[in-house]
Amino acid sequence: QVHLVESGGGLVQPGGSLTLSCAASGNIFTINGMGWYRQAPGKERDLVARVDAGGGSYYGDSVKGRFTISRLNADHTVYLHMNAQNADDTALYSCNAHGYYCSADGCQRPGAHFEVWGQGTLVTVPE
């Protein structure tokens, strides 16, 4: 199994900054990408930012220029730096990771593909 541990959510004042972290652990051969998605009350879950193993990063339109996602590191951890936050950023932020498990014979070769989600961390920005 692969587990994601998220941290860093909380209350931030308008115009303020917050950093979220997401660490993956478990039976990992490789991670191909990690990212953050958010869901505000009464709305669908949307992409915030994601990064792939090759270093490519992608952002939702509403956060471009304000949020930055880190590159994947060897510890399978990704950071989301959020600046100039506003009330529209209030949501449950969930981390996502996809890649390949180690094979049944060990971690010298890949096994099955996986995609996992974290439990989410709440970010609140008052009006």
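Reader: Is serine 70 buried or exposed?

Author: The model is a predicted one, in which local features need pLDDT of at least 70, side-chain atom pairs count only at pLDDT 80 or more, and totals for chains, interfaces and linings use all residues. Residues are numbered from 1 along each chain as its sequence is written, and side-chain values use heavy atoms, with hydrogens and water left out. Relative accessible area decides the class: under 20% is buried, over 50% is exposed, and partly exposed lies in between (1.4 Å probe, protein chains only). Serine 70 has a relative accessible area of 18%, so this residue is buried.

Reader: Which backbone atom does the side chain of serine 70 reach?

Author: Serine 70 lies in the loop between β7 and β8 (77–82); strands are DSSP runs of E with at least two residues, and helices are runs of H or I with at least four, both numbered from the N terminus. Setting aside neighbours within four places in sequence, serine 70 is in contact with Val51, Thr77, Val78 and Tyr79, contact meaning heavy atoms within 4.5 Å. At 2.8 Å, the side chain of serine 70 reaches the backbone nitrogen of tyrosine 79.

Reader: In what order do the strands of the open sheet lie?

Author: Two strands pair if DSSP finds at least two bridges between them. The edge strands, each pairing on one side only, are β1 (2–7) and β7 (67–69). The open sheet has 4 strands with antiparallel pairing, in the order β1-β3-β8-β7.

Reader: Which residue of β3 is the bridge partner of histidine 3?

Author: Strands β1 and β3 (residues 18–26) pair in the antiparallel sense over 6 bridges. In β3, the partner of histidine 3 is serine 25.

Reader: Is the disulfide of cysteine 102 and cysteine 107 left-handed or right-handed?

Author: These cysteines are joined with an S to S distance of 1.7 Å. Cysteine 102 is buried, with a relative accessible area of 6%, whereas cysteine 107 is partly exposed at 42%. The torsion about the S-S bond is about 85°, so the disulfide is right-handed.

Reader: What is the pairing of the bonded cysteines in sequence order?

Author: The count comes to 2 disulfides. With the bonded cysteines of the protein numbered in sequence order, the pairing is 1-2, 3-4.

Reader: What is the radius of gyration of the protein?

Author: The protein has 0 helices and 11 strands. The radius of gyration is taken over C-alpha atoms, and the globule rule is 2.2 Å times the number of residues to the power 0.38. For 127 residues the rule gives 14 Å, and the protein is close to it, so it is as compact as a globular protein of that length, with a radius of gyration of 15 Å.

Reader: What percentage of the residues in the protein is buried?

Author: Among contacts with a separation of 6 or more, residues 24 or more positions apart account for 56%. Of the 127 residues in the protein, the buried ones make up 39%.

Notes:
A polar contact is a pair of N or O atoms within 3.5 Å; within protein, one must be able to donate a hydrogen and the other to accept it, and residues adjacent in sequence count only if both atoms are side-chain atoms. A disulfide is a pair of cysteine sulfur atoms within 2.5 Å.
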